[in-house]
Amino acid sequence: MLRDPSLIPLSHQHHNGLALCVMTERELARDCSAESIARLARRAVDRYEVELSNHFEIEEQVLFPEFPGALVDDLIRDHRRLESMIGALRDQPTAGMLAEFTDLLRQHIRREENELFEAIQRELPRETLDRL
């Protein structure tokens, strides 16, 4: 299904998040040195601070209240877990933590795109989508 125009900005940010996952995983596979891990952790923290934290806030304050339920509850739990992982990546980054972060971020984005956004587009009235 084509993405509704009201959701396209969030989908673009999802694309950026997936790109972060791919780049991080490729670099970890190529170079797992302490320097590389520190650099990749800084990149993940920077992306979180520049884009992901704002993205989560928009979803939680604007989008999620329009579509409450178990799926949204799970997605909010993911947000909190990802935030916690960023804290760990700031303090003591490891290759395992980076891998766990990218795995959860990828799964989270896929759920939002494939489950939440599809359901929103099917079930919310046009007026609500336009207001978003």
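Predicted model: local features only at pLDDT ≥ 70, side-chain atom pairs only at ≥ 80, totals over all residues.
View 1. The side chain of Ser 6 makes a polar contact with the side chain of Asp 4, at 2.6 Å. The Ser 6 side chain also reaches a backbone oxygen, that of Leu 129, at 3.4 Å. Look for Ser 6 in the segment before helix 1.

View 2. Leaving aside residues up to four places away in sequence, Ser 6 touches Leu 129 and Leu 132. Across the chain, take the contacts between residues at least 6 apart in sequence: 75% of them join residues at least 24 apart.

**View 3. The largest nonpolar core.** This core has 22 residues. Those with the most contacts inside it include Leu 82, Met 85, Ile 86 and Leu 89. Leu 98, Phe 101 and Leu 105 belong to that group too. Which elements give two or more residues to this core? They are helix 1 (8–30), helix 2 (34–63), helix 3 (70–91) and helix 4. Helix 2 gives the most, with 8 residues.

**View 4. Phe 101 and its contacts.** Set aside residues up to four places away in sequence. Phe 101 then touches Leu 20, Ala 44 and Leu 52, among others. Its contacts also include Leu 82, Met 85, Ile 86 and Leu 89.

**View 5. A second, separate core.** This core has 14 residues. Among them are Leu 7, Leu 71, Leu 75 and Ile 120.

**View 6. Helix 4, from residue 95 to residue 123.** Helix 4 has 29 residues.

**View 7. The whole chain, for orientation.** The chain has 5 helices and 0 strands. From the N terminus on, the elements run α-α-α-α-α. The C-alpha atoms fill a box of roughly 50 × 25 × 20 Å along the principal axes. A compact globule of 132 residues would have a radius of gyration near 14 Å; the chain has 16 Å, which agrees. Of the 132 residues, 44% count as buried.

Note on methods: Residues numbered from 1 in each chain as written. Heavy atoms only, no water. Helix = DSSP H or I, 4+ residues; strand = E, 2+ residues; numbered from the N terminus. Expected span 1.5 Å × (residues − 1). Core = buried A, V, L, I, M, F, W, Y, C linked by side-chain atoms within 4.5 Å. Buried < 20%, exposed > 50% of the residue type's maximum accessible area, 1.4 Å probe, protein only. Contact = heavy atoms within 4.5 Å. Polar contact = N/O pair within 3.5 Å; in protein donor to acceptor, adjacent residues only side chain to side chain. Rg over C-alpha atoms; globule rule 2.2 N^0.38 Å.
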